[in-house]
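Work through these exercises on pockets and aromatic pairs. Each task is followed by its solution.

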Amino acid sequence: MGNISIIGTGNMARAIGALAVAGGNSVEIIGRDASKAADLAKALGSSVTTGEFGAVPAGDIVIVALRYADVVPVVIGYGNALADKVIVDISNPFNAAADGLAIPDDTSIAQEVAKAAPAGARVVKAFNTVFGHVLEKGRTPDVFFAGDDAQAKARVAEFVASLDLRPLDVGGLNVAHWLEGTGLVLMGLARHGLGNFDVALGATEYPG
């Protein structure tokens, strides 16, 4: 399978990391707080390693599992350490009430990451329409993803499939803004339409 680095030690890092290990991927956990990274790596299994924050990640795919406001600054801080990596942004730039986006209408966090990323890095938006606790409960929702590089998207799709999830390509990186808006739809369904957060968005095919 793949070599995956996860920058972050929160709920999504834990959920994706656990599935990645179960799917046979090599996993590296990286955090500003080395002790938190070590604790998460230990919880995920003896095969999981930790990396130094700011150093070149071991994984070919680097999942940035951070709050949206931290994503671009961290990518900038890493600089050339992310050269030639596939960077996966999973963030949702919600406002304080989580009823609107906290970014302009003509961009997305993923697009801003692409502007900040070093030469050779490819950016894919994914996982932002999936709740971490849904993954932790063993559910297998669809994972929508967007990006401009076909090879990078193929690698991310292969990784998603290794988690026993269904990868669904929604288009170029410009669509990342609408994926972030779809994250708001998911929040709205959880709060109002269904009244609980045990929910996931997906696509149903109706042949013929």
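**Exercise 1.** Which residues lie nearest the centre of the largest pocket, and how many residues line the pocket?

*Solution.* This is a predicted model: local features need pLDDT of at least 70, side-chain atom pairs count only at pLDDT 80 or more, and totals for linings use all residues. Residues are numbered from 1 along each chain, and side-chain values use heavy atoms, without hydrogens and water.

Step 1. A pocket is an open set of points on a 1 Å grid where a 1.4 Å probe fits, with protein on both sides within 12 Å along at least five of seven lines; lining residues have an atom within 4 Å of a point.

Step 2. The largest pocket has 23 lining residues, and Met12, Leu66, Ile90, Ser91 and Asn92 lie nearest its centre. α1 (11-22), α5 (132-136) and α7 (176-193) each give two or more residues to this lining.

Step 3. The largest pocket holds about 560 Å³ of space.

**Exercise 2.** Describe the aromatic pair of Phe53 and Tyr78.

*Solution.* Step 1. Rings pair if their centres lie within 6.5 Å; planes over 60 degrees apart count as edge-to-face.

Step 2. Phe53 and Tyr78 are edge-to-face, at 5.5 Å centre to centre and 75° between the planes.

Step 3. Phe53 sits in the loop between β3 (49-51) and β4 (61-64) and Tyr78 in helix α3 (residues 68-78), so the pair ties together parts 25 residues apart in sequence.

Step 4. Tyr78 is buried, at 4% relative accessibility. Phe53 is partly exposed, at 28%. Buried means under 20% relative accessible area, exposed over 50%, and partly exposed in between (1.4 Å probe, protein chains only).

Note on methods:
Points joined across faces, edges and corners; volume = space filled by probe spheres on them. Helix = DSSP H or I, 4+ residues; strand = E, 2+ residues; numbered from the N terminus. Phe/Tyr/Trp six-rings, centres within 6.5 Å; stacked < 30°, edge-to-face > 60°.
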